[in-house]
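Try each task yourself, then follow the solution step by step.

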Amino acid sequence: MALCASLATAADGVCRGETPLTYLRDYAPGHFEDEAFFKAIAAGPPELLVLGKDAPLHHNWGPVAGNGGENQAFGQGDAIRRLSPAELREKMERIRNMVTRLRASGVRWIMPYACTMTVGGDPARRTGLWEFYDHWDDYVAFGLGPRPAQDPLDWMQRTANGEVRFYYPPDSPRYAPNRRWAACIHHPGWRQHLGNVIRLAAEVSYDGVYLDNNRSTRCYCSDCQAAFRRYVAARLTPDEIRRDLGVRSL
């Protein structure tokens with residue numbers, strides 16, 4: 001896939017006067033010490049290489065053994081086994097070594113995949129992200145900050161009547177026996193977790209993170225409603241609010 005090297009030249013979808021950059025996505029698992037993978041990349045290094053969930057923390061599961069894939073892939077079995085803090089340190093070092101080798105082979109930018117909303121697990125059985133939340137304090141050395149006060153169930157998107165909103169079919173066979181949930185980007189607990197996903201990716205020398213589903217929030221939770229009121233108040237006068245929205249007060 002070729003992309004314009006400058007957003008300015010790509011505004012109308014046409015690259016002018018710039019050499020397109022090469023962009024490769026590889027969501028396979030097992031990259032860390034895969035000599036065939038390193039050899040293939042060195043033979044034709046892309047400028048931008050996007051990997052799967054080759055990250056210390058997975059957005060949907062937390063610190064787990066698996067790697068590769070995006071949301072649908074590798075959501076069962078040993079791939080979602082929670083790592084101990086010592087195992088997480090080891091995984092981070094393996095990722096850092098992989099990134100170093102890829103960059104030395106000529107890749108300019110390297111980043112893993114993360115979704116801004118997908119969560120996996122079961123709040124009743126305390127599996128998936130809930131298991132990580134229950135053991136949050138075990139990972140204090142990784143700079144996660146205080147454990148969020150609200151349970152991850154409260155991080156989920158809500159319908160207008162306050163029920164949990166499932167953006168995706170919750171009972172995907174690729175998540176069984178867990179479920180697939182959709183978190184709200186405005187909830188402070190989810191924002192803290194996602195910030196840790198990004199920060200730890202930076203700590204293992206990635207250049208950035210490929211963020212998916214950035215415009216998929218369909219939420220009516222109290223945090224979203226407060227954000228909407230701030231948005232309207234900053235853009236409309238009280239008279240415009242009464243005229244255009246039909247309300248006397250936000």
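**Exercise 1.** Work out whether R25 counts as buried, partly exposed or exposed.

*Solution.* Start with the scale: buried means under 20% relative accessible area, exposed means over 50%, and partly exposed lies in between (1.4 Å probe, protein chains only). R25 has 41% relative accessibility, so it counts as partly exposed. Before going on, note that this is a predicted model, where local features need pLDDT of at least 70, side-chain atom pairs count only at pLDDT 80 or more, and totals for chains, interfaces and linings use all residues. Residues are numbered from 1 along each chain as its sequence is written, and side-chain values use heavy atoms, with hydrogens and water left out.

**Exercise 2.** Place R25 in the chain and find which residues it touches.

*Solution.* First, the place: R25 is in strand 2. Helices (H or I, at least four residues) and strands (E, at least two) are DSSP runs, numbered from the N terminus. Next, look for contacts, meaning heavy atoms within 4.5 Å. Leave aside neighbours within four places in sequence, and R25 is in contact with V50 and Y210. Then check for polar contacts: these are pairs of N or O atoms within 3.5 Å; within protein, one must be able to donate a hydrogen and the other to accept it, and residues adjacent in sequence count only if both atoms are side-chain atoms. The R25 side chain makes one with the side chain of Y23, at 3.5 Å, and another with the side chain of Y210, at 3.4 Å.

**Exercise 3.** Sort out which residues of helix 2 are buried and which are exposed.

*Solution.* Begin with residues 35-43, which form helix 2; here F37, F38 and I41 are buried. They sit on the same side of helix 2 because they cover an arc of only 95° around the axis, taken from the directions from the helix axis to the C-beta atoms. Now find their partners: the buried residues pack against strand 2 (21-26), strand 3 (48-51) and helix 3 (85-104). Finish at the start of helix 2, where a side-chain oxygen of D34 comes within 3.1 Å of the backbone nitrogen of A36.
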